[in-house]
Amino acid sequence: MSEDDRPSGTALQTSPLHDRHVALGAKFAPFGGWTMPLEYAGGGVLAEHTAVRSAVGIFDVSHLGKATVRGPGAAAYLNACLTADLDKIGPGQAQYTLLCAADGGVVDDLIVYRRSDDDLLLVPNAANCATVVRILAEAAPAGVEIADRHPDFALIAVQGTESDEVLTAAGFPAGHDYMSFVEVDREVNGQGRVAVTVCRTGYTGERGYELVLPAAAAGSVWDALTAAGEPYGLQPAGLGARDTLRTEMGYPLHGQDISPSITPVQARLGWAVGWGKERFFGDAALRAEKAAGPARTLRGLKAVRRGIARPGMTVLGAGGEELGAVTSGTYSPSLRIGVALALIDSSVGLDDVVQVDIRGRREDFVVTKPPFVSPRVRES
């Protein structure tokens with residue numbers, strides 16, 4: 001989780017909640033051009049991971065991008081650019097989607113919040129926000145404005161079985177449908193009335209919410225949520241736990257499992273592509289690859305013994321032939337074994353046994369369909 005995509009010599013950005021993390025004794029790491037908490041003193045990755053799976057955790061994910069798309073025909077324009085069919089959701093709903101290049105490679109994956117046909121919010125990845133905005137702005141019709149709002153807003157995620165109770169205790173709405181959002185205007189200490197978007201989304205596989213709010217109000221809202229969460233065992237959680245949680249779900253990380261050189265077809269993200277749409281960026285290349293079948297496929301791997309695969313490690317067949325490479329890999333605190341995602345030859349099937357070269361030692365892994373842990377995002 002220490003990969004840093006910022007241009008050489010560019011200073012790292014800090015979250016509007018940086019002082020809260022310092023006070024909590026956070027260990028920081030560079031990620032996507034930002035310095036963000038990796039784990040917290042008195043917690044650590046395993047404790048933070050367990051808190052999210054068994055109770056509730058709170059994450060600062062303000063490094064994620066924020067951009068607005070506004071103007072007559074804004075939704076129709078985005079629908080002609082992004083992969084998923086935006087017409088399948090209405091106002092108050094969100095959608096996972098992809099922005100692809102002409103060759104089908106993934107420029108970024110992102111969430112679209114549809115406020116109305118003429119007003120949408122995008123949440124791309126940290127390092128890619130400016131690129132997403134530039135690409136969409138270059139092709140935008142007259143009257144549609146794409147604005148980079150990255151520094152203007154903070155994003156706080158409350159994830160876990162007890163997330164509803166925490167939000168309710170803090171005075172925020174909860175209980176709405178998965179991938180839907182509610183916009184509220186509420187009093188925040190020292191900030192007056194503040195507009196907050198509460199969306200039932202997340203990156204952990206647990207029931208949970210993400211709050212988008214003005215950066216100036218982030219500290220007060222963080223304090224309110226942490227105070228409300230104390231009776232429920234709320235634990236601040238960093239990027240380390242975020243990575244183990246998302247890997248257990250098989251959720252892709254841009255730059256590793258998807259990238260400009262890895263297509264949605266290869267990454268088994270065809271469900272996020274509106275194949276029935278007339279057009280979207282990269283549609284010709286993706287339709288051709290889908291029809292022909294990809295040469296390589298993103299698969300889940302589960303360790304047979306104690307091996308922990310890491311990104312970049314080589315995946316081998318029974319005869320020692322090279323099949324591909326691990327894209328994400330970690331120790332699963334929930335299963336207490338190693339789990340991984342790997343981009344490997346499409347001839348490899350589910351339940352096949354492959355080997356991962358772990359620093360010169362070959363360890364057996366079973367090809368497994370993610371998620372490795374049952375998701376509870378739709379838990380009622």
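**View 1. Contacts of Glu187 in a predicted model.** Glu187 touches Gly192 and Arg193, leaving aside residues up to four places away in sequence; contact means heavy atoms within 4.5 Å. The model is predicted: local features need pLDDT of at least 70, side-chain atom pairs count only at pLDDT 80 or more, and totals for chains, interfaces and linings use all residues. Residues are numbered from 1 along each chain as its sequence is written, and side-chain values use heavy atoms, with hydrogens and water left out. Glu187 lies in strand E11; strands (E, at least two residues) and helices (H or I, at least four) are DSSP runs, numbered from the N terminus.

**View 1. Contacts of Glu187 in a predicted model.** Glu187 touches Gly192 and Arg193, leaving aside residues up to four places away in sequence; contact means heavy atoms within 4.5 Å. The model is predicted: local features need pLDDT of at least 70, side-chain atom pairs count only at pLDDT 80 or more, and totals for chains, interfaces and linings use all residues. Residues are numbered from 1 along each chain as its sequence is written, and side-chain values use heavy atoms, with hydrogens and water left out. Glu187 lies in strand E11; strands (E, at least two residues) and helices (H or I, at least four) are DSSP runs, numbered from the N terminus. Gly171 is 16 residues from Glu187 in sequence, and their C-alpha atoms are 9.6 Å apart.

**View 2. The hairpin of E11 and E12.** Three residues separate E11 and E12 in this hairpin, and Gly190 in the turn has a positive phi of about 80 degrees. E11 pairs with strand E12 (residues 192-199) in the antiparallel sense over eight bridges; two strands pair if DSSP finds at least two bridges between them. Val182 stands opposite Val198 in E12. Val198 also has Leu211 in E13 as a bridge partner, and E12 and E13 pair in the antiparallel sense over three bridges.

**View 3. The six-stranded sheet and helix H6.** The sheet is open, with mixed pairing and the order E11-E12-E13-E10-E4-E14. Strands E11 (181-188) and E14 (235-236) are at the edges; each has a single partner strand, so one side of each lacks a neighbour in the sheet. Helix H6 (residues 218-229) packs on the sheet and touches E4, E10 (153-159), E11, E13 (208-214) and E14. The direction of H6 makes about 10 degrees with that of E10; axes are lines fitted to C-alpha atoms, for helices over the stretch in contact, and angles run from 0 to 180 degrees between N-to-C directions. Strand E4 (residues 57-60) pairs with E14 in the parallel sense over two bridges, and Gly57 has Gln235 in E14 as its bridge partner.

**View 4. The surroundings of Asn79.** Asn79 is in helix H3 (residues 74-79). Its relative accessibility is 10%, so Asn79 counts as buried. Beyond four places away in sequence, Asn79 touches Ala84, Asp85, Leu86, Asp87, Lys277 and Arg279.

Technical notes: Buried means under 20% relative accessible area, exposed over 50%, partly exposed in between (1.4 Å probe, protein chains only).
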